Amino acid sequence: MTGAKLRVAAYCRVSTSQDDQRNSLENQRRYFAEYIGSQPDWELARVYADEGLSGTAARNRPAFQQMLSAAEEGEIDLILTKEVSRFARNTVDALACTRRLRRYGVGVVFINDGIDTRQNDGEFRLTIMASVAQEESRKTSERVKWGQRRSMENGVVFGCNNIYGFSLLHGRLTVKEDEAEVIRLVYRKFLNEGKGTFVIARELSESGVEPPRAKGKPWSSTMVLRLLRNEKYCGDLLQKKSYTPDFLDHKKQVNRGEEEQIYLRDHHEPIVPRAVFEQAQQELARRAPAGAQGRRCVRRYWCSGKLICAACGRRFVPRRRRRAGGEVYRYWVCAARGRHGPRHTDGRETPDGCDMRMMPHQALCTCMDVVVERLGLDVGRLIRETAELVEQAEDGGVPVALERLRERRQRVLQRRGDALDAWLGHSITKEELDSLRARYDAALARLDGQERTLEAQWQAARTGDGRTALRAFLETEALRCEAVYGELLEQMRIGEGGVLVRLRGLAVTFRLQYAPPRRGAGLRPEDIRCTLLPDT
Ligand SMILES: [Zn+2]
C-alpha cells in the first residue's frame, strides 16, 4: 500500500564548508530521511538543498524554485523544513510561498518552530515567527549569527570520553557510526514498535550487540533508558557550570553543591532528529507511572509547562488567590514546593520540597516585556502587520489543488478501466490485472484522503473560522502580548533574583537579574538588568 503514503519533500540550506559538517548535505539528508521514516504514512519524495545558510543572504535559490514547480505539478504533498528563518527571506515572502503552496494542496511543516500550515492557526503563527525572525535577523545578525557560530569555550565538551555513540576529539563530539546505528535502532523499537526498555534490552542482548562500556555483559533496561534520555543524541549538550555568584545564587544551593546547568542547543551533529528525541521524551513521560512527576499538562497560560525551577529542575505550576478586594492574584510556584513545602529531609536520605520562592504572573510578563524590548520588537506594530497580511487572504473559487486532484482521480479511474479491458482482451494475465488494480486502488484511496483534507481547509477558510479567531485574538492588548510571548518563549529557568529566558526559533538566551520585589510591589521593567548570553 505504498501508494497511500503522503509524498514528503524536504527543503534545507546546506553549508559547503569543511568545518561545518553539521550542516552538510549528507547530514541534512540523513536528518530528513530519519524524520520522514519515523512517520508511518510518509514517504520521502526528495530533499531540495540550496547552498548558503542565512535566510536573508540568499538571492537565487534554484532548488527552492524547483521544489515550488514540483509542488505545482502535483509531485509532492507536503514540505518539511527546519525553521522559518531558513525557508523565506521575510514575512511577506514566507506567507506568499506557503499560500501559493496551499493553493496546490501542499502544506509546509516547520519542524523546530512547531508550525504546520495545514493547521488552522498555522498561517497566523508562521506570520508572527517570520516577523520576529526578520526583525531579529536584522538586529542581531552581527552579534548572534543565528546560533550557528558557537564560541569554542562554550561548546567544548569536558570530561568523559566514553559517551556511547560519540567519540571525543579535541573537545568536540563526532558520531561513531556503528554505535549510532544501535541508538537509532533503540529509538525505532521504542517509538515505532512500542516496545519497552526491558524488551529492547533483551532483544539487543539476543542479537549480540555489545552494550556500552560493559563488554560481555547483557544489556539492562537502565542502559536503554539512558540512550533514550540523553540529550546528546539530538545534538544538544547539558553543561554543568560553576555558579555565577551574582545570579541564581542563594546560599543553601551553594552548600548543597548544586550546579547551574547550561543547555546548549544544536551543539554537535545529532544521531536522532530532535523531533524523534522529543517524541521519545513525551512517550517516556506518558508511559511513566501516573503521579510520578505529578504533571498534568494543562496549556492554559502562555508560559504553561515552560517554567523550570533553577534549584530543583521541577516545573512551576499555576496558582491563584483571591485578595481581600475580590481581585484575583495569579502566581507560579515550583511543583516540589507546592506539593511538599520548603526543602526538608524528615530523616530520609532524599530530601523533599524546594526553597524556591513563588513567581507572580505579572513578573513573568514584565520579564518578557523586557526581552521583547531588548530584541527591538514592536509588538503592537508586529500584530497590526500580521493582521493586515492575514486579512489580505483571498479565498475565492475552488482551489487549483482541488481541481487538479479531481482530474488526477479521473485519470486513475480511466486507467483502472483500461486494465480491465486489457485483461478481457487477453493482453494481460489475471495476476497482472490484480496487481494493477491494487496499485490504482491505493492511489485512489490517497487522492480521496487528500481531497477530504483540502475541502475541509477550503471550507474553514471560507466560513472564516481562522479570521474570527484572529479578531478575537486582536481585541485585547494583554491577549496579544500573551500570544506573542507564548510563541516566542521556549523556556524560562527561574532562580532567586533572576531568570534565564530561552527564545524559540532564535537560538538566543537572555539573563534577567533583579532585586527580589518588595512585598506588595510589582516587578517593574526598570528594576531588571537584561543581558544577552553569548552564543548558548
Ligand atoms: Zn524547585
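**Entry 1: the cysteines**

I began with C354, which counts as buried because its relative accessibility is 4%, under the 20% cut-off. I noted beside it that this is a predicted model.

Next I asked what C354 is doing among the donors of the zinc ion. The protein donors turned out to be C309, C312, C334 and C354, each through its SG atom, at 2.2 to 2.3 Å from the zinc ion. I then checked the angles that the four donor atoms subtend around the zinc ion, and they run from 96 to 116 degrees, so the arrangement is tetrahedral.

I also wrote down the spacing of these donors along the chain, which is C-x2-C-x21-C-x19-C. C309 sits in strand β10 (residues 307-309) and C334 in strand β12 (residues 328-334), so this pair ties together parts that are 25 residues apart in sequence. Both C309 and C334 are buried.

How many disulfides does a search of the whole structure find? It finds zero. I followed up on C303, which is buried, with a relative accessible area of 0%. The closest cysteine sulfur to that of C303 belongs to C365, and at 7.1 Å it is too far for a bond, since a disulfide needs the two sulfur atoms within 2.5 Å.

I turned to the nonpolar side chains next. In soluble globular proteins, such side chains tend to be buried together. Here the largest nonpolar core has 40 residues, and M492, V501, F510 and L512 touch the most other members. Which helix gives the most to this core? My note says helix α13 (residues 361-375), with eight residues.

Leaving out residues up to four places away in sequence, F510 touches V371, R374, L375, V499, L500, V501, L503, C530, T531 and L532. Another core, of 29 residues, lies apart from the largest one, and its members include L173, W219, L227 and F277.

My last stop was H426, in the loop between α15 (400-424) and α16 (430-463). Is H426 buried or exposed? H426 is exposed, because its relative accessible area is 73%, over the 50% cut-off. I marked its phi too: about 65 degrees, a positive value, although H426 is not a glycine.

Definitions and conventions:
Residues are numbered from 1 along each chain as its sequence is written. This is a predicted model: local features need pLDDT of at least 70, side-chain atom pairs count only at pLDDT 80 or more; totals for chains, interfaces and linings use all residues. Side-chain values use heavy atoms; hydrogens and water are left out. Donors are N, O and S atoms within 2.8 Å of the metal (3.2 Å for Na, K and Ca); water is not among the atoms, so sites may look incomplete. Four donors count as tetrahedral if all angles lie between 85 and 135 degrees; four count as square planar and six as octahedral if opposite donors are over 155 degrees apart and all others between 65 and 115; anything else is irregular. Helices (H or I, at least four residues) and strands (E, at least two) are DSSP runs, numbered from the N terminus. Buried means under 20% relative accessible area, exposed over 50%, partly exposed in between (1.4 Å probe, protein chains only). A nonpolar core is a set of buried Ala, Val, Leu, Ile, Met, Phe, Trp, Tyr and Cys residues joined through side-chain atoms within 4.5 Å. Contact means heavy atoms within 4.5 Å.
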